[in-house]
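Biologist: Please take a close look at one part of this model. Which contacts hold your attention there?

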Amino acid sequence: MEYFKNVKTINYEGANSDNPLSFKHYNPSEVIDGKPMKEHLRFAVAYWHTYQARGVDPFGAGTAVRPWDDISDPMDLAKAKMEANFELCEKLQVPFFCFHDRDISPEDKTLSETNKKLDTIVSYAKELMKTSGVRVLWGTANAFSNPRYMHGAATSCNADVFAFAAAQVKKAMEATKELGGQNYVFWGGREGYETLLNTDMKLELENYARFLQMAVDYAKEIGFEGQFLIEPKPKEPTKHQYDFDTATVIAFLKTYGLDKHFKMNIEANHATLAGHTFQHELATARINNMFGSIDANQGDMLLGWDTDQFPTNIYDTTLAMYETIKAGGFTSGGLNFDSKPRRASFTPEDLFYSHIAGMDTFAKGFKIAHKMHNDGKFEAFMKNRYSSYNSGIGKEIVSGKADFKALEKYALKIDDIASSSGNQEMLEGLLNQYILGGNSN
Ligand code: XUL
Ligand code: CO
């Protein structure tokens, strides 16, 4: 059955096309640096926003109109959504999707019943993969929606909840492996606290580390070779999330000897909630060799929560792709649209318009970033800015030869320190030249 009857395959029609159901910048087969764009960008659809979200907000009911609205049996509905998923991904030429266990299959009364249902849907998805090229970028477990997780999952005060979460993650890892998932994501749903008056932060963090170690051990046991990713977020749903930002997560992983098993899944809106730019979070992951994958979206600078809007800001996508290229590009990771159309964009077609806008913004950002990187102007500026470390006293500092006494001896002889300008506005103008077009573009 065809779910999105009003939409045919979305094709590249060029920057001047009037057809809203076409790509203006994303040309999947265009080869850049020896690789087609689809392999550089590795787009993915997020199951939860695309098929589960109804547009509910604290002031009103869902508004979404979806082709599966008349199906009431939970398993028929789950199957219909899986069919719709393959159709949407194929029509959008998106090669991957990402899912939580509870997105693709409903929860039942007991864990064993729930697991049986998940097995049925996983088999069905595998069946659909036989005739489709669409694959899984990553899977994860939803260990935050059910009321049992009110105090957290791995960081719950209740050991039974820890055990239940472990069982759920074990099963979600098996499902991800079964579906050929290239990564497995840990986003710390409710791993955090509301008040330190009732929270043993030390025990909770230690338990979280124990939990992740068990996941590492189990992956080895079952031969799951996908990359483990942690997705930082500073707040929401809890007041303080333990995986606050990339630097915090790296420190945590290093403290517990887990760092070699994980990379980062950086989400733009989580970065800005943490008071960082998207670029900052990506750069922090990159310089620590922990760049993994991206949850592509954008927040609203005037709102303090995770609005998960489709990314349409060309400056942000350009700088994100610049960091991605500097990190060597995606290996197992990709660009997952952890984004949802606004509540008033309620039609099935809006699912396509919104993905097209996001894909085009990233495709254009990638092309601009690729040119910036190839031209090397920013890199050359930066290299020159730090050139005092290439010789003389600078070289002695970075090679570890200099100590405080040697530096004092040197400093006592300095009469005048020559500074050079950081030229920030010149560089921002150059970035504009790349983005807006001009001699360099
Ligand atoms: C929540 C969020 C999650 C993760 C997966 O803010 O981003 O959807 O991406 O659990
Ligand atoms: Co996310």
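Modeller: Start with Glu 267: an N or O atom of its side chain is 2.8 Å from an oxygen atom of ligand 1. This is a predicted model, where local features need pLDDT of at least 70, side-chain atom pairs count only at pLDDT 80 or more, and totals for chains, interfaces and linings use all residues. Residues count from 1 along each chain as written, chains are lettered from A and ligands numbered from 1 in written order, and side-chain values use heavy atoms, without hydrogens or water.

Lys 233 places a polar side-chain atom 2.9 Å from a ligand 1 oxygen. For Asp 306, the side-chain N or O atom is 3.0 Å from an oxygen of ligand 1. Polar contacts here are N or O pairs within 3.5 Å. Alone, ligand 1 exposes 300 Å², and the protein buries 93% of that (Shrake-Rupley, 1.4 Å probe).

The residues around ligand 1 include Trp 48, His 100, Trp 138, Trp 187 and His 270 (heavy atom within 4 Å).

Glu 267 also coordinates the cobalt ion (ligand 2), along with Glu 231, Asp 295 and Asp 338, at 1.9 to 2.1 Å. Donors are N, O or S atoms within 2.8 Å of the metal (3.2 Å for Na, K and Ca). The cobalt site has 6 donor atoms, angles of 81 to 170 degrees, and is octahedral (six donors, opposite ones over 155 degrees apart, all others between 65 and 115). The donor residues are spaced E-x35-E-x27-D-x42-D.

Terms used:
Polar contact = N/O pair within 3.5 Å; in protein donor to acceptor, adjacent residues only side chain to side chain. Tetrahedral: all angles 85-135°; square planar, octahedral: opposite > 155°, others 65-115°.
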